[in-house]
Amino acid sequence: MISCIICSRQPDISAELKENIASTIGCEYELVVIDNSKNEYSIFSAYNEGVRRAQGDVLCFMHEDILYHTQGWGPKVVDYFVQYPQAGLIGVAGTHYMPAMPAAQWDCELSSSSMIQGELINGEYVTTNHLHDDYKASPTKVVAVDGLWMCVPRKMFDKVGWDDSSFKGFHCYDTDMALQVWNAGFEVHLCWDVLIEHKSLGSANKDFVEACDMLYNKWKSILPMAKGISMTEREKKMCDSMCNCKILYRISELRYEEVITSHAYRIGKRIIKP
């Protein structure tokens, strides 16, 4: 059985998602919905609660704004863990490199993915096929996967867990779990047999930047890490430089936002009238 674990901002997930899972999964399953409508949980504590409630052999952690486009995806996931018993975590999008700095998993852009990304542009919902298989192999190993969809065998939770003692928010849970899996002697893979539509984009706010700092401080002894690709020292330096630029840009954007929304700035605009 597969346990579908979802941290929901509402008391329950949408009827659309319930119907979508029921009509596509193709095997026995249960829904484990953590009601976070009162913001009582972090994503880490919500998923730990989900693990405690779940009865399945495979635990599938998913966002509530996804839709499945693959019929019979449940047996495909179960079969994947049978075929690759060394896999402790699978996803549909991930990075092959994490630098030794407080970076997001998408910063270096050495990634593989198979998904449909949706977003609102000028009030219109638009989808884009995200297929990056430059590094596709069998199996496709990655350092970390995107948290929109992550499947873990139940037995892995004897060795790993959602770190709700170090992290309190909703960021970096996916990368932290992936690094735990690697550190436990197992592998992180991409599953090319499941196509998922993700209906929103994430945001890099102050909490996100702080979570990246915390993630780096926790795992800096094993970073940088590359999986599923071969990199020369020159290529690593180039990736590190690009990641560092993105980090600095993200921080500068946040500082700019803090300035222009400050009380002093608003008063200054009225006085100086630039």
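Okay, some ground rules. The model is predicted, so local features need pLDDT of at least 70 and side-chain atom pairs count only at pLDDT 80 or more, while totals for chains, interfaces and linings use all residues. Residues are numbered from 1 along each chain as its sequence is written, and side-chain values use heavy atoms, with hydrogens and water left out.

Now the overall picture. We have seven helices and 15 strands, which are DSSP runs numbered from the N terminus (helices are H or I, at least four residues; strands are E, at least two). The radius of gyration is 20 Å, close to the 19 Å from the globule rule for 274 residues, so the chain is as compact as a globular protein of that length. That radius is taken over C-alpha atoms, and the rule is 2.2 Å times the number of residues to the power 0.38.

How much of the chain is buried? Of the 274 residues, 47% are, where buried means under 20% relative accessible area, with a 1.4 Å probe and protein chains only.

Let's zoom in on α1, residues 15-24. Leu17, Asn20, Ile21 and Thr24 are its buried residues. They span an arc of only 95 degrees around the axis, which puts them on the same side of α1; the arc uses directions from the helix axis to the C-beta atoms.

And what do they pack against? Their partners are β1 (2-8), β2 (29-35), β3 (58-62), β4 (66-68) and α3 (73-83), with contact meaning heavy atoms within 4.5 Å. Just after α1 comes Gly26, with a positive phi of about 75 degrees.

How values were computed
Buried means under 20% relative accessible area, exposed over 50%, partly exposed in between (1.4 Å probe, protein chains only).
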